[in-house]
Amino acid sequence: MPPVPWRVHITDHPGSTREEIEQEPDWSTEHNHQHRVGYKNRDDRRAGITHESDEAKTRDDVEEAREGHQDLTGKEKKGDLVNFRDIVLEEKDLHLRHPENRSLGWRFVLPCTEDWVKNQEEWPANVEKREKEEQKKKDEHQDDGTKDQKKGDGTLDEEQWKRTQGDSDKHHDAYAESGEDSGYSSDEATKKNKTEYEKLRERYSVQEIALLRTLQHEKDYIQTLEQNDGKRKSPQTHNRSTISIDEADQFSPDNWLPRSSDLIRLTGKHPMNAEANLSHLYDAGLITPNELHYVRNHGAVPRLLWEFHELDVEGGKLVLSMDNLKNDFDTINIPVALACDGNRRKELNMIKKSKGFSWGSAAVSCAYWKGPLVKDILLKAGLPAKMPEGKRYWVNFEGADEPSEGKYSTCLPFDYVMDVTNDVIIAYEMNDLPLPPDHGYPVRLMIPGYVGGRCVKWLKRIWISEKENDSHYHIWDNRVLPSFVTEKDGQFAETLFRHPDTACNEQNLNSVIVKPAQGEKIPLSEAKKGKTYRIEGYAYDGGGHEVQRVEVSLDDGETWLYCIRKFPDAPIRHGNKFWTWLHWHVDIEISHLLRANSITVRCFNVFKNTQPKDPNWNVMGMMNNCWYIVRPSIVQGDDSDMPSIMFRHPVEPGTADGGWMKPSVENQMAAVKQSAGTPQKQFTRQEIEKHDKEDDCWIVVDGKVYDATSVLEWHPGGKAAVLGHAGKVHAETSNEFESIHDGYAYKKLNECAIGVVTDKTAAFIKKNAEAAAKEQSQSSSQHSKVVLQKHRWVPVKLLDRKSISEDTRAYTFQLPDDTPDLGLATCQHVQLGYHLQDKMLIRSYTPTKPLLPDSSDGSDKKKTDNQNLADGVGTFELTVKTYFPSNSQPGGAMSNILDCMPLGEEIEIRGPIGEIVYNGKGVFSISGKDYTFKKINLVLGGSGITPGYSLIARAMLSSDPDIQICVLDANKSEKDILLHKELDEFEKSSGGRLKITHILSHPSDEWKGKKGHVDADLIQEVLFKPEEGTGVFLCGPPGMIQKAALPALEKWGFKEGENVFGF
């Protein structure tokens, strides 16, 4: 394998002080919730703190957009400073004008990152900051406090490391020195045939009856299979309906992609590698819906536009636009089963960790793919139909993506591609729709009968060569090596990874049981005479070979039952090619099922070959196709005293642990080694959360703290996969790391170790994981009228923009037609998301409309004269101050984007955010615990006024006579006071229940109010004193809240977590 630096250096840190550890809040107590001021909550927002960086057709559409982009690029190259307003105003989003060439849910992405605009451009503020940092480094040069571990200085490559661990024995001494239906599947048809079945049962055994039925079926069915002419439509019409975006993608370059919530992620948040729930995949039918098709990505999905994308053939001999591909060539549309060669890898990983992540048994799908033959494109480029004899020629294919190890490319023999019976196509449709981005939009290679890793997505280049492709992904992926090779470096690995015969090309023979499903239970009381159960599953083979027989055993392979096969319609190509999978089933008497030792499946192909009984471990974990075994066990019934039989599959995908296979002794010993040798410096949650940037990246895995900053430059999965966990104190990092990495990765991780979390932080991680799991399980029960989703982003349309002052705007957004309720409680926030290249730009806002709950749902029975302020009207409003760019800095990101984006464009929302909810009459629900405050203090600053405003409005509009509110609102100048007019009106009409004090740090000469900054004296002057029934809520800039307001309130007698909370 090409040398990876593997270098690790960590910054010396003394750990949290004894005083910090002792003063850390006890997160296990009832008052320590998600609204601790200054700490990150589960939504990655610091409670009580506002966002710091924002405080400071006469012409052809395509050509116009292309020129605009070139102008902006030219401006950047010349060194001109570019701000967010420049980028938004210059970019033309073609998806509004040409939606016909987009997959459903396509999003606009601003072609920049927030970090580049704000921190990397040569703004004077950045130059000044950089000069100060460089001077500081010079001053500290004599004692830089770093440890640099380099090769030659103790860093071992993987082969060397394994030899030190006793794993050096690679050869046998014999070598010479010289060298579900499971709703019990007694369906209606079975019930109707019950009398016939009983008659047959008098003469034949259960197995003989099953065989007889199978043979009768096969005789007629196989003879009537039709040939596919390549011109059919896909019968699968239930394709993507999901247009919301998973929160897991918000901090990755894939933040613009809608993905199905039914996909199980196997490599954490990024890159996307996922399979569907096995039962859901099977139940969807013989042609897989687009959103249930498994996804295999090596990095970020490239954002390619149909109008701009071109396919280069033979170094410019032929350059094809997408319209050329679609309109200038004859096309075929055929069903193809595509399987990852890592399908069922987790079974191998339970024996010994491989280099691959843990696919379950659903890394296979079957869809219709449409496009021209590669053969026709090569002929159009002027290549001959046949190359000169005596040499081998290869057709190379390269994608437009940029994974961590260079371009993704591979190759096929020229003669294979030119053989029309192999149906090698350039596909631009999947199930008669534009390709989803995860599946190669706008165009990909499709090689029927081959493993998915050869079917290059986002195809950009095709060329001919006289030698096999030697790119990283062609050599170092999709290979099956002898089991004595256990690493990817060293001479054995180098030789065998480059050996032509280790490459995975054609798919291999495989079959899997789907029903009984994992965890399915059948009560013993169901074992009635004549009642049947249908065992079901799928099977496939590579190279176009038919799966000719499927068999199931109930006695560990002693005897076998013949199964009925079902193919998609018209599965045959060119007389004998089967590119699809099949579904199979066998009906058995349920009493036999309940007595079974196991349920085992195997299948046979046209060569009469069958699957091996035992797994064949290999370093890449590829091509596992051993017998698939489901094991039953007796368990106590959930709702009765009657025991049940529960069925377990070998494994569950990813980190789930419900299968019958358990980690081998070797894996258990490796886990013990991995946990040893961590420095014992302790770090509090507050300290860890500070290190959340690319140049200062700490992660927490299994309660240990690691400085991963130096890993980002060489991490095989790309830096985005690590940065998504920077500064995060949660269990997700541990789960994702374990699901992907092997022993050598743990060794490199241990080199990054700097200490452990405190006991209180460990308790917080555990408690938060339990709360998140509970919240996730409850999130599916959502009101159909409500647009907000806790864990998914939903697009809303900018309907109107009104100027309130020279720098403040009121934005009105339209909700989707079928969801008129925003669904936000008083004091909660929505998050706005805008798509950038590296991640979603996210800001939290509290709407200024609606201010009251939807009265139609019974939550507020009292009718008011303010119906336009109530939820349920299909819109919501945000009041946002715009932080304009200046000569020295680029201004606020989200506020300038909102100020410039065209009406009618979409932006994402998610929520509700925040666990403070005001229910009226002084009652608050805070992280699930009720508090009652009849006297309410609000300490607010800048844009932090908006959550306080929603509370004020609800209390005043609801006419709660016992509620009194004191507000201390801090701003720079008069024009910075948000909602000034509305606040004044509430105060005047409150009858003394609302008192507002504004304080300005830079007022005009005409200002008659308070001047200066928030301090202890002012707080005690204008707020209610600490006593029973009095609460304080804060939101504002960190300096004001954490350094002034919070210490003053605590000294006065308030206690954070009991009567002081951050919005």
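Helices (H or I, at least four residues) and strands (E, at least two) are DSSP runs, numbered from the N terminus. By that count the protein chain has 29 helices and 49 strands. This is a predicted model, in which local features need pLDDT of at least 70, side-chain atom pairs count only at pLDDT 80 or more, and totals for chains, interfaces and linings use all residues. Residues are numbered from 1 along each chain as its sequence is written, and side-chain values use heavy atoms, with hydrogens and water left out.

**Exercise 1. State what share of the 1063 residues of the protein chain is buried, and which residues of helix α25 are buried.**

Step 1. Buried means under 20% relative accessible area, exposed over 50%, and partly exposed in between (1.4 Å probe, protein chains only).

Step 2. On this scale, 57% of the 1063 residues count as buried.

Step 3. Helix α25 spans residues 893-900, and eight of its eight residues are buried. They are A893, M894, S895, N896, I897, L898, D899 and C900.

**Exercise 2. Find the strand order of the open sheet that contains β9, and say which strands stand at its edges.**

Step 1. Two strands pair if DSSP finds at least two bridges between them.

Step 2. The four strands run in the order β9-β10-β14-β15, with antiparallel pairing. β9 (332-339) and β15 (433-434) each have a single partner strand, so one side of each is left without a neighbour in the sheet.

Step 3. Inside the sheet, β10 (residues 364-371) and β14 (residues 429-430) are joined by two bridges. Here K370 stands opposite E429 in β14.

**Exercise 3. For the salt bridges K132 to E128, R792 to D246 and K515 to D283, give the distance and the setting of each pair.**

Step 1. A salt bridge is a side-chain nitrogen of Lys or Arg within 4 Å of a carboxyl oxygen of Asp or Glu. The structure holds 52 of them.

Step 2. K132 and E128 meet at 3.6 Å, N to O. Both lie in helix α6, four residues apart, about one turn of the helix. K132 is exposed at 55% relative accessible area, and E128 is partly exposed at 45%.

Step 3. R792 and D246 meet at 3.7 Å, N to O. R792 lies in strand β35 (residues 792-803) and D246 in strand β3 (residues 245-246), so the pair ties together parts that are 546 residues apart in sequence. R792 and D246 are both buried. They belong to a network of salt bridges that also links D249, D254, R259, R265 and D438.

Step 4. K515 and D283 meet at 3.1 Å, N to O. K515 lies in strand β18 (residues 510-515) and D283 in helix α11 (residues 278-283), so the pair ties together parts that are 232 residues apart in sequence. K515 is buried at 5% relative accessibility, whereas D283 is partly exposed at 43%.
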